[in-house]
Amino acid sequence: MDSPLAPSYRKGVIPMPTAKMSPIKQTPEAAGHEHCSCCRDALASAAHELKTPLAVMAGYLHLLLSEKLGPLSPRQMEVLTEMQANGARLSNFIQNLLTYTALKVDRLDLYYEVGDINGCIREIAEVWSQRFQEKAIAFYFLPNDKLEPFPFDYYKIQHVVSNLLDNAMKYTPASGTVWLHVEPYFWERRTVARPPTVERRRQRVNAPNCCRISVADTGPGIAPEFQQEIFDEYFRLVPQGMRAEGHGLGLAIARRLVQSAGGKIWVESEPGTGSKFSFLILLNPPPERLAEEQ
């Protein structure tokens with residue numbers, strides 16, 4: 001009796017060669033990394049597609065609120081203002097998402113161009129001024145005319161400042177105050193501990209080598225044990241009596257952007273006395289950094 005496992009000896013049956021399985025060269029870790037990369041690319045693509053319709057909506061809302069198409073009742077003005085605030089919040093989240101995905105896959109490029117840092121910060125301050133006014137928060141921008149034009153990434157700096165202002169608005173109560181300050185600064189970067197070759201006790205003049213940008217507020221303040229952790233991804237510090245806002249990415253993205261440009265970011269705060277977030281931009285970025293990004 002013929003065996004059913006030997007079909008090649010049956011009439012009309014064409015024997016098929018045994019399939020050859022090639023060894024899997026990709027490790028589970030590599031496959032997982034590739035999958036995560038694809039997911040981040042998909043998220044970035046979706047976020048990018050949302051930017052244009054959001055910009056169109058923002059433009060129409062601005063047109064309606066200006067009453068150029070006709071007068072509005074107080075209730076209509078209230079509803080449209082709320083829509084504008086939520087649209088701005090969503091737009092800021094999408095920008096953070098795009099930056100976050102770029103940072104995760106090391107696709108963030110910096111574009112240096114010599115410019116006026118006061119003009120750069122003033123532009124973003126004007127955008128946020130109306131938002132603070134709507135929340136009854138006093139907002140002051142303090143530029144500094146001692147800063148000469150220097151090379152920096154215009155839009156990345158605005159992104160960092162916008163994230164810090166967004167953080168200040170979340171935690172500053174109505175009738176509070178927020179300050180945005182720009183000033184020259186000397187950053188002493190000690191990389192090697194060695195005694196100076198020349199005695200400099202009598203006279204030591206340190207010319208500014210950085211621009212310091214600070215955002216101070218009159219919010220609840222931050223305890224010392226959280227002042228490093230607040231820059232971690234997805235970390236949100238929720239004071240008693242307040243509800244959690246955001247996704248815990250704003251400060252983490254700000255830190256990554258500042259560090260990618262060779263700068264530094266930190267916070268000075270005590271509970272009950274408000275917070276002051278500062279970051280540094282190099283006035284003279286190293287030539288190799290400029291060459292890499294151009």
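**A mixed sheet and its packing helices**

In this predicted model, strands S6 and S7 run antiparallel and are joined by six bridges, with S7 covering residues 275-282. Within this pairing, Val267 has Phe277 of S7 as its bridge partner. The two strands belong to an open sheet of five strands, arranged in the order S2-S4-S5-S7-S6 with mixed pairing. Strand S2 (138-142) and strand S6 (264-269) form the edges, each pairing on one side only. On average, and with direction ignored, neighbouring strands of the sheet are turned by 15 degrees against each other.

Helix H4, residues 154-171, packs on this sheet and touches S2, strand S4 (177-185), strand S5 (210-217), S6 and S7. The direction of H4 makes about 175 degrees with that of S7. Helix H5, residues 250-260, lies across S6 and S7 and runs at about 135 degrees to S6. Several residues of H5 are buried, namely Leu251, Ala252, Ile253, Ala254, Leu257 and Val258. After H5 comes Gly262, which has a positive phi near 85 degrees.

The wider chain places these elements in context. The protein chain holds six helices and seven strands, which follow one another from the N terminus as α-α-β-α-β-β-α-β-β-α-β-β-α. Of its 294 residues, 36% are buried. Where contacts join residues at least 6 apart in sequence, 76% of them link residues at least 24 apart.

Attention may now turn to strand S5. Eight bridges join S5 to S4, and the two run antiparallel; Val182 has Ile213 of S5 as its bridge partner. S5 is also joined to S7 by eight bridges, again in an antiparallel arrangement, and here Cys210 stands opposite Leu282 of S7. Because eight of the eight residues of S5 are buried, this strand is largely enclosed by the rest of the structure. Cys210, Arg212, Ser214 and Ala216 point one way from the strand, whereas Cys211, Ile213, Val215 and Asp217 point the other way, and all are buried.

Beyond its neighbours within four places in sequence, Ile157 is in contact with Ile117, Cys120, Ile121, Phe152, Ile213, Phe279 and Ile281.

The aromatic residues complete the picture. Eight aromatic pairs are found in a search of the whole structure. In one of these, the ring centres of Phe132 and Phe139 are 4.8 Å apart and the planes lie at 25 degrees, so the pair is stacked. Phe132 counts as buried because its relative accessibility is 0%. Phe139, at 17% relative accessibility, counts as buried too, since the cut-off is under 20%. Elsewhere, Phe150, Phe152, Tyr154 and Tyr155 form one aromatic cluster.

Charged side chains also meet aromatic rings. The charged end of Arg131 sits over the ring of Trp128, 4.3 Å from its centre. Lys264 lies over the face of Trp266, at 5.0 Å from the ring centre.

Notes: Residues are numbered from 1 along each chain as its sequence is written. This is a predicted model: local features need pLDDT of at least 70, side-chain atom pairs count only at pLDDT 80 or more; totals for chains, interfaces and linings use all residues. Side-chain values use heavy atoms; hydrogens and water are left out. Contact means heavy atoms within 4.5 Å. Two strands pair if DSSP finds at least two bridges between them. Helices (H or I, at least four residues) and strands (E, at least two) are DSSP runs, numbered from the N terminus. Axes are lines fitted to C-alpha atoms, for helices over the stretch in contact, and angles run from 0 to 180 degrees between N-to-C directions. Rings of Phe, Tyr and Trp (its six-membered ring) pair if their centres lie within 6.5 Å; planes under 30 degrees apart count as stacked, over 60 as edge-to-face and the rest as tilted. Buried means under 20% relative accessible area, exposed over 50%, partly exposed in between (1.4 Å probe, protein chains only). A charge sits over a ring if NZ of Lys or CZ of Arg is within 6 Å of the ring centre and within 35 degrees of the ring normal.
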